[in-house]
Amino acid sequence: MKRTTLFAALAVASVAAPALFWVSAGSAADERTITRYDRESKYYRIRIVDYPDEGRRCLHFSKSRGIQSSMILAAPCQLDLQYSRTMAAALAFHPAPQDVLLVGLGGASLPKFIQKNFPDVRLDIVEIDPDVVRVCRDWFEFRGTPNTRVIVMDGRMYLKRAPKQYDIILLDAYAADRVPFHLTTLEFIQLAKSRLKAGGLVVSNLWEHAVNRFFFAELKTFQATFPQSYLCRSGDSGNIVVFGSLATEQLPKEDWAKRAAAISAGKDFGFDLANLVRKEYELLTTQKIDEKVLTDDMAPVDTLRRENPNHFEEAQPK
Amino acid sequence: MMRLGLLGTVFLAGAALMSLEMASFRLVEPELGSDLVVWGSLISVFLGGLAIGAVGGGRWADTRPSLARLGLILAAAGGVALAVPLYADAVLTWAYPGAGAPLPSEWGTGGAGGTELAVYHPPDMRWAALLAGTLLFGLPAVLLGMVSPYAARLFVREMPQMGTHLGQLYGVSTVGSILGTLGTAFYLIALMGTRWLLSLNGLVLLGLGAALVIAHSLRRRSPPA
C-alpha cells in the first residue's frame with residue numbers, strides 16, 4: 001500500500017514537474033521574440049530567435065540569453081556584435097591577407113563579412129558541429145563562394161592535418177558555457193602558429209560574461225608564443241580579443257588604424273574600423289601578467305573561469 | 001580489521017578508477033578532439049574493462065582467494081597507470097589513420113559561380129577513439145574490475161550474512177568512485193595536471209597493493225583469530 005502511494009506520487013511528480021516548468025517558461029517569455037528553431041544538436045542546444053523590434057536574428061547555444069551570433073535581418077553581411085568587429089581588425093593588421101582560417105563558425109557573421117568585402121580572400125572554416133553549418137545556411141544566409149570551404153572537424157585535429165598555411169587564423173571556438181581546454185593551451189597555440197605564413201597572425205576571441213583568471217592565463221599563453229602580441233578590450237562586456245603576430249616589429253596603433261581606414265575605403269562596413277583600432281589597441285607584448293601559461297597537461301580552464309584575478313584592479317584599462 | 005581493510009581497499013580502488021577515467025578524457029581530447037565520440041568511447045572502455053575484470057576476478061577468487069593476490073592485482077593496475085603517459089602520445093597518433101597526413105586540399109562542389117557550400121567531412125573516427133581508449137585504459141580497467149568480486153570473496157569468507165556485507169562492499173566502493181570523480185573534477189585537475197594525476201592514481205594503487213601483500217604475510221604468521 002505504502003509503496004503504491006510512493007510510486008503514484010513519483011509518477012505524478014515526474015509528469016507534473018516538467019509541465020509546470022514548461023508553463024512558467026512559456027508565460028515568462030518575451031512576447032516580442034519569435035523562436036525560429038530550437039533543437040538539440042550533437043554539441044549544443046541550438047536556438048534561433050528573432051527580435052522583430054530590433055530587426056535582429058540571434059543564435060543561442062544554450063538556454064541562457066548568451067548570444068553566439070547576431071544578424072541584422074536587413075543587412076545580413078554586417079558585423080553586429082562588437083567582438084566580431086574587433087576580430088575583423090585582423091584584416092587590417094595583416095598587410096595583404098590571402099588565406100584566412102576561422103575556427104568556430106558561430107552564426108557565420110565573420111565569413112559573410114569577409115565574403116562580401118574581401119571576395120579574393122580564400123577562407124577556410126572549421127566547425128565541429130554539422131548542425132551549426134546547416135543552420136547557418138538555412139537561417140543566416142550563409143552561402144558558398146569559390147573561395148569558401150567548410151571543414152566539419154575539431155579545430156585542433158584540423159590544424160594538425162591542415163594542407164596549407166594561412167595569413168590569419170581566427171579562433172572563435174569558445175562558447176559561454178563551454179571552453180574546450182585543448183583549444184586554449186600552449187601546445188595548441190604553437191600548433192596554430194606553425195600553420196602561419198611569414199608575417200601571419202593568430203587572433204582569439206575570449207568571450208566571457210566577466211573578466212576572470214582564464215583570460216589572463218590565455219593572454220599569457222599568447223604572450224609566450226608570439227614575438228609580438230596585442231589585445232583589444234572589445235566594448236565593456238568583458239570581451240577580449242587577443243592578437244599574436246609573427247611579425248617581430250611592433251605595429252604602432254596609428255599604422256594599424258591607417259591600414260584599417262585604407263581597407264574600409266569605398267566599403268560599407270557599417271562601423272568605423274579605424275576608430276575601433278584607435279580606441280581598443282593595447283600592446284600585450286610588454287605587459288606583466290601574473291598567471292601561468294596553460295598547457296595540455298595543466299589547463300584547469302573551468303576552475304580559472306570561476307575565479308576573479310587578484311590582479312584585476314591593475315590590469316583594468318585606465 | 002580484515003573487514004575494514006577490505007572496505008578501505010575497495011573505497012580507494014573505486015576512487016582511483018573514476019579519477020583515471022576523468023584523466024583519460026584530458027589525455028585523449030587534445031589528439032582526438034573534444035567530441036561525444038571520445039567521451040562515449042572512453043566510458044565504454046572503462047565499463048567493458050570492469051565487466052571483463054568482474055567475470056575473471058570472480059572466477060579467480062574462487063580458486064585461491066588471498067589478500068596477497070588482491071594486492072598484486074592493484075599493484076599491476078597502479079603500474080600500468082604510471083606507465084600510460086609514457087606511450088600515450090604514440091598510441092594516440094597511431095590510432096587515427098592519417099594522423100600526420102594532410103587533408104585533401106580541394107574538395108566539394110563549391111565554385112563555378114554556384115552558391116552551394118563546399119563542406120568537407122573527415123573520415124569516421126569512432127573506431128579510432130575506441131581503439132586508442134582500449135589500448136591505453138583497457139588493462140587498468142580490467143584489473144580494477146577484478147577488485148570488487150575478489151574483495152567480495154574474501155569478505156564473505158569471513159562473514160555469514162552475505163547479502164548485507166556484499167551490499168556494504170559495493171556501497172563503499174561506489175562512494176569511493178563518487179569521491180574520486182568529484183575530487184578530480186573539483187580539485188585535482190586544477191591542482192596537479194593530467195600526467196601527475198595519472199601518476200598519483202598509479203602510486204595510490206601500488207601502495208594499496210603493497211599494503212595488502214604485507215597484511216597477507218603478517219596474517220599468515222599470526223594464528224587466525
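Q: Which strands form the open sheet, and in what order?

A: Nine strands make up the open sheet, in the order β12(A)-β10(A)-β11(A)-β9(A)-β8(A)-β5(A)-β6(A)-β7(A)-β1(B), and their pairing is mixed. Please keep in mind that this is a predicted model.

Q: Why is one side of β12 of chain A and of β1 of chain B left without a neighbour in the sheet?

A: Both strands stand at the edges, and each has a single partner strand, so one side of each has no neighbour in the sheet.

Q: In which sense do strands β10 and β11 of chain A pair?

A: Let us begin with the general idea. Strands of a sheet pair through backbone hydrogen bonds, either parallel or antiparallel. In this case, β10 (residues 228-234) and β11 (residues 239-245) of chain A pair in the antiparallel sense over seven bridges.

Q: Which residues have the most contacts inside the largest nonpolar core?

A: In soluble globular proteins, nonpolar side chains tend to be buried together. The largest nonpolar core in this model has 94 residues, and those with the most contacts inside it are A89(A), A90(A), L170(A) and V203(A). Helix α8 (residues 213-225) of chain A provides the largest share of this core, six residues. Another core, of 62 residues, lies apart from it and includes A15(B), L32(B), L74(B) and A128(B).

Q: What does A89(A) touch, not counting residues up to four places away in sequence?

A: A89(A) touches C232(A), A260(A), L273(A), L276(A) and V277(A).

Q: Which residues of helix α4 of chain A are buried?

A: In α4(A), which covers residues 109-117, the buried residues include S109(A), L110(A), P111(A), K112(A), F113(A) and I114(A). Among the elements that cover the buried residues of α4(A) are β4 (67-72), α2 (82-88), β5 (99-103), β6 (122-127), β7 and β8 (166-171) of chain A.

Q: Why does N205(A) count as buried?

A: N205(A) has 24 C-beta neighbours inside 10 Å, so it counts as buried; the cut-off is 20 or more. You will find N205(A) in strand β9 (residues 196-206) of chain A. Leaving aside neighbours within four places in sequence, N205(A) is in contact with Y83(A), M87(A), L171(A), D172(A), N239(A) and V241(A). The C-alpha atoms of N205(A) and Y83(A) are separated by 7.3 Å, while the two residues are 122 residues apart along the chain.

Q: What does the secondary structure of chain B come to?

A: Chain B has five helices and one strand, and along the sequence they follow the pattern α-α-α-β-α-α. Of its 225 residues, 44% count as buried. Among the contacts in chain B with a separation of 6 or more, 86% come from residues 24 or more positions apart.

Conventions: Residues numbered from 1 in each chain as written. Chains lettered and ligands numbered in written order. Predicted model: local features only at pLDDT ≥ 70, side-chain atom pairs only at ≥ 80, totals over all residues. Core = buried A, V, L, I, M, F, W, Y, C linked by C-beta atoms within 7 Å. Buried ≥ 20, exposed ≤ 12 C-beta atoms within 10 Å, placed from the backbone. Helix = DSSP H or I, 4+ residues; strand = E, 2+ residues; numbered from the N terminus. Contact = placed C-beta atoms within 7 Å. Pairing = 2+ DSSP bridges.
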